[in-house]
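The following is a walk through one structure, taken one region at a time. Please keep the sequence and the coordinates at hand while reading.

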Amino acid sequence: MNDGNEIPVIGLGTGGMKGSDGAATITSAIHNGYRLIDSAYNYENEGTVGEAVRRISVAREDLFITSKLPGRYHHYKDAVKTIQESLYRANLDYYDLYLIHWPNPKQGHYVEAWQALIDAKKWGLIRSIGVSNFLPEHMEHLEKETGVLPSINQIELHPFFNQAEQRKWHEKHDVITESWSPLARANDVFENKTIQAIAKKHRKSAGQIILRWHYQINAVSIPRSSSPIRQKENISIFDFKLDQNDMEILASLTKPEGRINGQHPAEYEEF
Ligand SMILES: NC(=O)c1ccc[n+]([C@@H]2O[C@H](COP(=O)([O-])OP(=O)(O)OC[C@H]3O[C@@H](n4cnc5c(N)ncnc54)[C@H](OP(=O)(O)O)[C@@H]3O)[C@@H](O)[C@H]2O)c1
């Protein structure tokens, strides 16, 4: 990343994973080789992630744990307290990555939130800082006001909404792209005939084709699966390569209105 830290190229999405079932699912993923675990204050599962970390024998420094600041706590003092609360909930000393979950530009407080992340990084509470669902104009505003660009932007990204322009901006500014809902939340992707044909050609599953595509467009992906079998399947993508033709075919699946729930960051707000 642009701050010198490293992030695994694939991780586990944990939306909805809570309680003892959630801890067992996350533990299983870590046993299956996952090191990056994505969570958020608003998923109300930072405690579950912390419990999974305590249950396994992998050293803390070999894991990469992410959480996110909710929209209702963008004011500086609230943001600082929330980062601390996130750590208490997980019973961790630091997060590897902390993101502003949504910019909520109509509220206009994301620069204050960003300043809190910058300071929390200086205090050692967070190793790397980033954003989620930010448009280029929001990141330019952060840089202008604080001089610091995010290391990462976690955005909705899947074959039906491939965000080519936004990714170009990220590459130009050395910001890592991280894909949320990388499998389009299982809506239509696995039944898609084009993806199925590429899967057949490579003797891989449709999920593996999509996740390999994320890897080859230089995006970190965080597929969610509660199934140990699919967890293993989803990280077994390093023994084959999509060719130029496959990549072009997959690129052609994108749609201008391809967002799963139409959550445009300029309009949509989440608190
Ligand atoms: N920053 C943000 O605003 C934001 C927004 C949304 C999500 N996220 C993050 O991104 C993560 C991933 O996104 P997501 O949870 O929305 O959806 P996703 O990872 O695109 O899809 C998850 C769905 O795909 C199924 N699945 C997983 N692997 C599969 C495979 N190999 N074959 C067939 N089905 C498979 C899962 O079912 P099974 O469990 O049955 O396998 C689940 O129903 C979230 O969990 C969260 O951490 C962030």
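In this predicted model, helix 1, residues 19-31, and helix 2, residues 46-55, have axes that come within 8 Å and cross at roughly 50°. Angles from 65 to 115 degrees would count as roughly perpendicular and angles under 35 degrees as roughly parallel; helix 1 and helix 2 are therefore oblique to each other. The handedness of their crossing is right-handed. On the side of helix 1, the contact is formed by Gly19, Ser20, Gly22, Ala23, Ala24, Ile26 and Thr27. Helix 2 contributes Thr48, Val49, Glu51, Ala52 and Arg55. Sorted by class, the residues in this contact of helix 1 with helix 2 are 5 nonpolar, 5 polar and 2 charged.

Helix 3 spans residues 76-90 and helix 4 spans residues 110-122; their axes come within 8 Å and cross at roughly 45°. Helix 3 and helix 4 are therefore oblique to each other, and their crossing is right-handed. Which residues make the contact between helix 3 and helix 4? From helix 3 they are Tyr76, Ala79, Val80 and Ile83, and from helix 4 they are Glu112, Ala113, Gln115, Ala116, Leu117, Asp119 and Ala120. By class, the contact of helix 3 with helix 4 comprises 8 nonpolar residues, 1 polar and 2 charged.

The next topic is the ligand. There are 27 residues around the ligand, and those that come nearest are Asp38, Arg185, Arg224, Ser225 and Arg230. Several individual atom pairs can also be listed. Gly15 places a polar backbone atom 3.0 Å from an oxygen atom of the ligand. For Tyr43, the atom concerned is an N or O atom of the side chain, 3.2 Å from a nitrogen atom of the ligand. Gln154 has a polar side-chain atom 2.8 Å from a nitrogen atom of the ligand.

The last stop is a loop residue. Where is Asp174 found? Asp174 sits in the loop between helix 6, residues 164-172, and strand 7, residues 176-180. Apart from neighbours within four places in sequence, Asp174 is in contact with Asn2 and Ser151. Asp174 can also be placed relative to Leu149: the two residues are 25 residues apart in sequence, and their C-alpha atoms are 8.9 Å apart in space.

Notes:
Residues are numbered from 1 along each chain as its sequence is written. This is a predicted model: local features need pLDDT of at least 70, side-chain atom pairs count only at pLDDT 80 or more; totals for chains, interfaces and linings use all residues. Side-chain values use heavy atoms; hydrogens and water are left out. Axes are lines fitted to C-alpha atoms, for helices over the stretch in contact, and angles run from 0 to 180 degrees between N-to-C directions. Helices (H or I, at least four residues) and strands (E, at least two) are DSSP runs, numbered from the N terminus. Angles under 35 degrees count as roughly parallel, over 145 as roughly antiparallel, 65 to 115 as roughly perpendicular and the rest as oblique. A crossing is left-handed if the near helix is turned anticlockwise from the far one by less than a right angle, and right-handed if clockwise. Contact means heavy atoms within 4.5 Å. Ala, Val, Leu, Ile, Met, Phe, Trp, Tyr, Cys and Pro count as nonpolar, Asp, Glu, Lys and Arg as charged, and the others, Gly among them, as polar. A residue is near a molecule or strand if one of its heavy atoms lies within 4 Å of it. A polar contact is a pair of N or O atoms within 3.5 Å; within protein, one must be able to donate a hydrogen and the other to accept it, and residues adjacent in sequence count only if both atoms are side-chain atoms.
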